[in-house]
Amino acid sequence: MFTKLHSSSKPPIVRNPRACTVCRAAKMKCVGAEDGLKSCQRCKRTGVECVFEKHRRGRKPGSKLSEASKMLRRLEKGLNTAKLKQSDSSLSTVFPADPRTPQTESSQFGGLQSSDAYGSVDGYAASSVSSRTVDPEDEDDGERSDEKFPAKLIRKENSFFRTILNPEHKSPMPHVPRDPYLAQSLRPAPLPAGFHDPITAGLINENKAKILFDAIFLRLNPFINLFDPALHSVAYVRSKCPLLFTTLIMAGCKFFEPSLYKECLRLANELAVRAFAEGWKRVEVIQAFSCLTYWREQEDNRTWMYIGYACRMAVELGLNRYHAKPPAHENEFQLRERRNRERTYLVLFVHDRSLSMQTGRHWMLPEDDFIRHSATWHEQGGSPTRCEDVIVSSFIQLRRIATEATDMFHTNRSLADGGNSQVNIDMVLKNCNAKLALWNTTWDQEMRKANGESFHFSFINFFCLYSSLFLNSFGVQSGVPPANRTNSHVRALSACFENALSVLGIASKDFREFGVLRYGQETTSVMTAYSAIFLLKV
């Protein structure tokens with residue numbers, strides 16, 4: 001029991017500050033000045049004045065941290081551990097183990113607290129959803145040109161789409177001081193004559209690049225699940241490919257340093273043209289072309305071309321080869337690089353099938369042995385299992401379910417135009433919904449095994465609900481024969497209504513509470529807009 005205070009005669013408790021202003025802004029531990037009477041080690045090292053101020057913000061005594069705040073602290077701890085291990089071990093030898101351990105008192109994914117340097121809602125740069133629309137090409141795509149596909153429906157409702165996805169621009173982020181970048185043994189890859197990356201162009205230094213990479217792993221990568229923080233350090237990426245390094249910095253600047261975004265975008269586009277002209281072929285080039293589409297500008301209509309180019313390069317490089325057993329005597333660093341190549345192909349497969357669902361165009365990457373054996377891929381990366389890898393494996397299976405159903409619906413429409421038989425839509429939807437329910441149960445369990453955070457569960461549920469909405473919408477299209485518009489039509493309509501509401505609920509509640517809504521790539525914006533438009537049209 002707490003003792004009641006009769007404090008008129010008792011002096012108030014004065015709490016000593018726990019960190020100086022420099023360490024507090026950098027979100028780093030203040031060491032050497034715990035009593036607040038002398039300079040801390042960081043201020044001594046950098047030669048700046050060590051100033052302590054009383055807190056004027058933050059939690060009131062006795063209040064609880066939000067779920068997002070707890071997750072932010074846990075992921076930042078994991079990232080710091082990864083970077084410390086990177087600095088202690090040469091990348092040319094055994095690479096340090098994945099720092100993300102199963103949660104006991106700490107956990108993986110960081111939500112966002114307003115006091116965080118890159119998490120303050122009031123300090124965010126403009127949301128990228130304003131520039132994440134679908135390709136604005138208006139040409140017919142043969143038999144898939146009707147508006148049931150999200151891209152075509154959203155294009156038709158373009159004024160509404162822009163209204164809900166174009167927030168006002170916010171003020172740029174202030175510069176946040178951090179520790180000097182640790183020296184790395186890797187050297188930057190040579191740039192073509194006359195070309196620059198953001199560092200050689202003088203836009204940022206290595207310390208700023210490190211800050212942006214931290215922000216990318218905390219905010220952007222959870223939506224695309226393409227990169228491994230324990231592998232993709234600033235030094236590693238610069239040593240591999242100037243295009244990928246520039247593209248990642250460009251993506252980071254779009255949200256966290258908007259004053260530098262346009263210039264970084266120009267540098268990335270110039271290097272992309274050079275990479276295409278000279279036929280650069282490596283995993284990092286594929287990743288760069290993919291990243292150029294995730295948070296693109298509204299007027300940029302190169303998504304289909306870039307992903308097509310990346311798909312063909314991936315096949316040419318053999319990223320889709322299936323290996324039943326890992327190579328003998330593979331060390332930790334080799335494992336991470338192999339998993340990086342495999343992850344790139346799997347994420348690209350998901351992106352390819354997602355574009356097919358959005359636009360009605362045919363997919364480019366077929367189901368091969370690697371895809372057919374991908375259900376357990378997330379378990380093959382060592383312990384602990386990365387939640388991001390669970391998402392990748394789960395999305396592969398989700399896209400396979402969706403592709404199977406949509407192919408049957410397209411077959412049904414072709415037969416209706418000139419064939420002699422019809423596919424039973426009701427049976428197709430029953431089978432599809434049963435598979436989606438099993439998928440949801442299976443991957444919820446797999447995510448629990450990986451000690452997933454609330455965000456991860458919301459994220460996979462978001463995609464499952466949207467897939468159910470999209471597939472069941474075939475049961476309520478105007479092209480459904482009147483004979484089939486009975487109970488099956490009502491069931492499909494009810495499923496679509498509930499799924500659309502749930503999708504919007506996750507986007508407006510879960511993602512908002514985690515502080516990550518603005519960081520979703522183009523696909524999440526399309527899903528959210530399609531769900532809203534569908535409800536308006538019902």
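What follows is a set of questions and answers on the chain, its helices and some of its side chains.

Colleague: How many helices are there in the chain?

Modeller: Please keep in mind that this is a predicted model. Of the 538 residues of the chain, 54% count as buried, and residues 24 or more positions apart account for 79% of the contacts with a separation of 6 or more. As for secondary structure, the chain has zero strands, and its helices number 18.

Colleague: What is the orientation of α8 relative to α9, roughly parallel or roughly antiparallel?

Modeller: Helix α8 covers residues 242-256 and helix α9 covers residues 258-278, and their axes, which come within 8 Å, cross at roughly 155°. Angles over 145 degrees fall in one class, so α8 and α9 are roughly antiparallel.

Colleague: Which hand does the crossing of α8 and α9 have?

Modeller: The residues that meet include L243, T246 and M250 in α8, and on the side of α9 they include Y261, C264 and L265. The crossing in which α8 passes α9 is left-handed.

Colleague: How is α6 oriented relative to α8?

Modeller: The axis of helix α6 (residues 206-224) comes within 9 Å of that of α8, and the two cross at roughly 75°. This contact involves, among others, A209, L212 and F213 of α6, together with F245, L248 and I249 of α8. Since angles from 65 to 115 degrees form one class, α6 and α8 are roughly perpendicular.

Colleague: Which parts does the pair of F395 and F463 tie together?

Modeller: Among the 26 aromatic pairs of the structure, F395 and F463 form a tilted one, with 4.4 Å from centre to centre and 35° between the planes. Both of these residues are buried. Because F395 lies in helix α14 (residues 387-418) and F463 in helix α16 (residues 454-472), the pair ties together parts that are 68 residues apart in sequence, namely α14 and α16.

Colleague: What kind of aromatic pair do F459 and F463 form?

Modeller: F459 and F463 are four residues apart in helix α16, which separates them by about one helical turn, and both are buried. Their ring centres lie 5.0 Å apart with the planes at 65°. As planes over 60 degrees apart have their own class, the pair of F459 and F463 is edge-to-face.

Colleague: Which residue lies over the face of W304?

Modeller: There are two arginines to consider here, and one of them, R238, lies over the face of F245 at 5.4 Å from the ring centre. Over the face of W304, at 4.9 Å from the ring centre, lies R361.

Colleague: Is N225 buried or exposed?

Modeller: N225 is placed in the loop between α6 and α7 (234-240), and its phi is near 55°, a positive value in a residue other than glycine. Its relative accessible area is 3%, and the cut-off is under 20%, so N225 is buried.

Colleague: Is H329 buried or exposed?

Modeller: H329 is found in the loop between α11 (303-316) and α12 (332-359), and although H329 is not a glycine, its phi is positive, at about 60°. With a relative accessible area of 80%, and with the cut-off at over 50%, H329 is exposed.

Colleague: Which residue does a cis peptide bond join to S383?

Modeller: The residue in question is found in the loop between α13 (369-372) and α14. The cis bond has an omega of about 0°, and the partner of S383 is P384.

Note on methods
Residues are numbered from 1 along each chain as its sequence is written. This is a predicted model: local features need pLDDT of at least 70, side-chain atom pairs count only at pLDDT 80 or more; totals for chains, interfaces and linings use all residues. Side-chain values use heavy atoms; hydrogens and water are left out. Rings of Phe, Tyr and Trp (its six-membered ring) pair if their centres lie within 6.5 Å; planes under 30 degrees apart count as stacked, over 60 as edge-to-face and the rest as tilted. Buried means under 20% relative accessible area, exposed over 50%, partly exposed in between (1.4 Å probe, protein chains only). A charge sits over a ring if NZ of Lys or CZ of Arg is within 6 Å of the ring centre and within 35 degrees of the ring normal. Axes are lines fitted to C-alpha atoms, for helices over the stretch in contact, and angles run from 0 to 180 degrees between N-to-C directions. Angles under 35 degrees count as roughly parallel, over 145 as roughly antiparallel, 65 to 115 as roughly perpendicular and the rest as oblique. A crossing is left-handed if the near helix is turned anticlockwise from the far one by less than a right angle, and right-handed if clockwise. Contact means heavy atoms within 4.5 Å.
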